[in-house]
Amino acid sequence: MCYIGSVSFLDAVLEVVHKLRSVNPKLTYVCDPVMGDEGKLYVPPELVAIYREKVVPVASMLTPNQFEAEQLTGFRIVAEKDGREACNILHAAGPSKVSVVITSINIEENLLLIGSHQKEKGHSPKQFKIVIPKISAYFTGTGDLMTALLLGWSNKYPDNLEKAAELAVSSLQALLQRTLSDYLKAGFDPQSSCLEIRLIQSQDDIRHPEVKYKAERYS
């Protein structure tokens with residue numbers, strides 16, 4: 001689930017999830033709670049409470065960015081440890097088994113992905129980070145693609161969120177580098193506007209990524 005701009009639409013999605021789970025209780029529901037970024041909401045403010053109170057408790061996987069994680073938890077993320085604590089808050093509010101991946105936390109010159117997987121309610125989650133160098137450009141569709149990649153790889157490796165995240169990040173970064181390179185070769189200033197990501201040209205990176213970004217597990 002990605003961008004939803006109205007309360008009625010989000011309620012309808014939740015109704016579908018509940019109906020499908022009545023048939024298949026093991027249904028995986030991955031939610032990218034697209035609400036905003038860099039301190040700004042993209043959606044009506046009343047949607048935040050619905051995500052927090054109705055979506056988080058039923059999601060199998062949550063993939064918020066830094067701002068969205070703050071909206072869901074009411075907790076300000078200004079350091080690495082805050083990202084881990086935000087994951088813990090989401091685990092406490094979610095179902096017994098849930099994965100949380102905060103896909104992008106701005107830490108100095110890098111972006112930080114923090115992943116957290118809890119097998120059972122009350123158990124300490126396994127947490128890790130992946131450090132991602134910033135690319136000096138703005139791309140459209142990266143959040144949607146990251147969630148899709150996490151869904152695909154976590155379906156292939158259901159008990160290894162770290163590996164799924166490594167593959168997803170490596171795919172995405174290779175695709176972004178190819179996109180940036182293509183625009184630069186065409187003489188385009190990547191700072192002037194959003195860049196359309198090169199999906200078709202990056203099929204091999206999506207299917208068979210070279211893992212260049214490794215997870216570091218927290219002790």
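Helix H6 (161–185) has 25 residues and reaches 36 Å from its first C-alpha to its last, close to the 36 Å expected at 1.5 Å a residue, where the expected span is 1.5 Å times one less than the number of residues. The model is predicted, so that local features need pLDDT of at least 70 and side-chain atom pairs count only at pLDDT 80 or more, whereas totals for chains, interfaces and linings use all residues. Residues are numbered from 1 along each chain as its sequence is written, and side-chain values use heavy atoms, with hydrogens and water left out.

**Overall form**

- The protein chain holds 7 helices and 10 strands, these being DSSP runs numbered from the N terminus (H or I of at least four residues for helices, E of at least two for strands).
- The radius of gyration of the protein chain, taken over C-alpha atoms, is 17 Å, which agrees with the value near 17 Å for a compact globule of 219 residues under the rule of 2.2 Å times the number of residues to the power 0.38.
- Along the principal axes, the C-alpha atoms of the protein chain fill a box of roughly 50 × 40 × 35 Å.
- Of the contacts (heavy atoms within 4.5 Å) in the protein chain between residues at least 6 apart in sequence, 63% join residues at least 24 apart.

**Burial and surface**

- Buried residues make up 44% of the 219 residues in the protein chain, where buried means under 20% relative accessible area with a 1.4 Å probe and protein chains only.
- The protein chain exposes about 11,400 Å², of which carbon and sulfur atoms supply 52%, the areas coming from the Shrake-Rupley method.

**Helix H5 and its cover**

- The 15 residues of helix H5 (residues 142–156) should span 21 Å at 1.5 Å a residue, and the end C-alpha atoms of H5 are 21 Å apart, which agrees.
- Among the residues of H5, Leu-145, Met-146, Thr-147, Leu-149, Leu-150, Trp-153 and Ser-154 are buried, and their cover includes strands S1 (30–31), S4 (61–62), S5 (98–107) and S6 (110–118) as well as helices H6 and H7 (203–207).

- Ala-215 lies in the loop between H7 and strand S10 (216–217) and is buried, because its relative accessible area is 18%.
- Neighbours within four places in sequence aside, Ala-215 is in contact with Phe-128, Lys-129, Ile-130, Glu-162 and Glu-166.
- The C-alpha atoms of Ala-215 and Leu-113 are separated by 9.1 Å, although these residues are 102 residues apart along the chain.

Technical notes
Buried < 20%, exposed > 50% of the residue type's maximum accessible area, 1.4 Å probe, protein only. Areas by Shrake-Rupley, 256 points an atom, 1.4 Å probe, with all protein chains shown as cover.
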